[in-house]
Amino acid sequence: MGRFRLGSGCAAMIAAAGMFASPGAQAATVTVGSPLSATFDDDFGGPVTDVNVALPEAGAMVVSPVNGTIVSWRAIVGDPGGLGIRVIEPAAGGAYRGGGTSAATATASGTQTFPANLAIKAGDLIGLDIGNGTVLNAPSVPGATIKQWQPPLADGGSLVPPDTFNNEELGYNADVRYCLVPKLKGMKLGAARQALSQAACTVGTLTRPKKGKAKFVKSQGVPPGTALADGAPVDLKLRPKPKNKKK
């Protein structure tokens, strides 16, 4: 099961992007890719696989900081056609491996948003498969870099990208959903279940004392603020209702 505690560097990046959710009532999301704030005016067509590997904008991320699920993505479409988001895994020797894809067909020009349901791991990049359509490219963004495969990168294929475009940025990004574990200590079991469900986690193993009715969370197996993939379990240790202290 993938999990990690958000370190100061990772938390700062997500906070800078305006996507850091405090532990609580709903699943967290983080946007990976271009902030779409550059001036995009050149068509970048296919069939190719392209990926932004460096973005100069403050808070912009080219790799997922969490294990999670891509739930939506968007691209600034030039000419409508076949487009798909692709998970790309870094490999040895400067190569990259093609992960899963979420195909879509752009039916109009402009900024188009597509639903997705695609697993991604922390450290993976999010690329774009461009078929017979085009995506807009910003050709004058110092510090931005695009890697490209032509023909497109295949599922499971591990290749060094043959082409690199410096100071260029493609107009696309994706939303990665994950569970940011809420604070559960002291909650009733029912409330803890609801909090985990709303945060896109699940209840794992329940440990109860040998005697007495235990309906309150004494401790949780994953600390609050830990990022987990969607549906990951959190173990709970239960205790009876605490007695009121006499004044």
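Search the whole structure for aromatic pairs and you get three. For Phe, Tyr and Trp (its six-membered ring), rings pair if their centres lie within 6.5 Å; planes under 30 degrees apart are stacked, over 60 edge-to-face, and the rest tilted. Two of these pairs are set out here, in what is a predicted model: local features need pLDDT of at least 70, side-chain atom pairs count only at pLDDT 80 or more, and totals for chains, interfaces and linings use all residues. Residues are numbered from 1 along each chain as its sequence is written, and side-chain values use heavy atoms, with hydrogens and water left out.

| Pair | Ring centres apart | Angle of planes | Kind |
|---|---|---|---|
| Phe 44 and Phe 165 | 5.4 Å | 80° | edge-to-face |
| Tyr 96 and Trp 149 | 5.7 Å | 85° | edge-to-face |

Phe 44 sits in strand β3 (residues 42–45) and Phe 165 in strand β13 (residues 163–166), so to speak distant parts of the chain, 121 residues apart. Helices (H or I, at least four residues) and strands (E, at least two) are DSSP runs, numbered from the N terminus. Phe 44 is buried at 9% relative accessible area, while Phe 165 is partly exposed at 24%. For those words, buried is under 20% relative accessible area, exposed is over 50%, and partly exposed is in between (1.4 Å probe, protein chains only).

Tyr 96 is buried at 14% relative accessibility, and Trp 149 is buried at 1%.

Now for helix α2. In this helix (residues 189–198), the buried residues are Leu 189, Ala 192, Ala 195 and Leu 196. Looking down the axis of α2, they fall within an arc of 120°, so they line one face of the helix; the arc is that of the directions from the helix axis to the C-beta atoms. Their cover includes β16 (202–207), β17 (216–220) and β19 (233–239). Just after α2, Ala 200 takes a positive phi of about 75°.

Leu 206 lies in strand β16 and is partly exposed, with a relative accessible area of 24%. Setting aside neighbours within four places in sequence, Leu 206 is in contact (heavy atoms within 4.5 Å) with Leu 189, Arg 193, Leu 236 and Leu 238. Leu 206 and Leu 189 are 17 residues apart along the chain, with their C-alpha atoms separated by 9.7 Å.

The whole structure has one disulfide, meaning a pair of cysteine sulfur atoms within 2.5 Å. Cys 179 is joined to Cys 201, S to S 2.1 Å. Cys 179 is in strand β15 (residues 172–180) and Cys 201 in the loop between α2 and β16, 22 residues apart, and the pair links distant parts of the chain. The link is left-handed, with -120° about the S-S bond. Cys 179 is buried at 0% relative accessible area, and Cys 201 is buried at 5%.

Last stop: Gly 81, in the loop between β5 (68–77) and β6 (82–90). Gly 81 is buried at 6% relative accessibility. Leaving out neighbours within four places in sequence, Gly 81 has contacts with Ala 104, Thr 105, Ala 106, Asn 132 and Gly 133. Gly 81 and Thr 105 are 24 residues apart in sequence and 5.7 Å apart in space, C-alpha to C-alpha.
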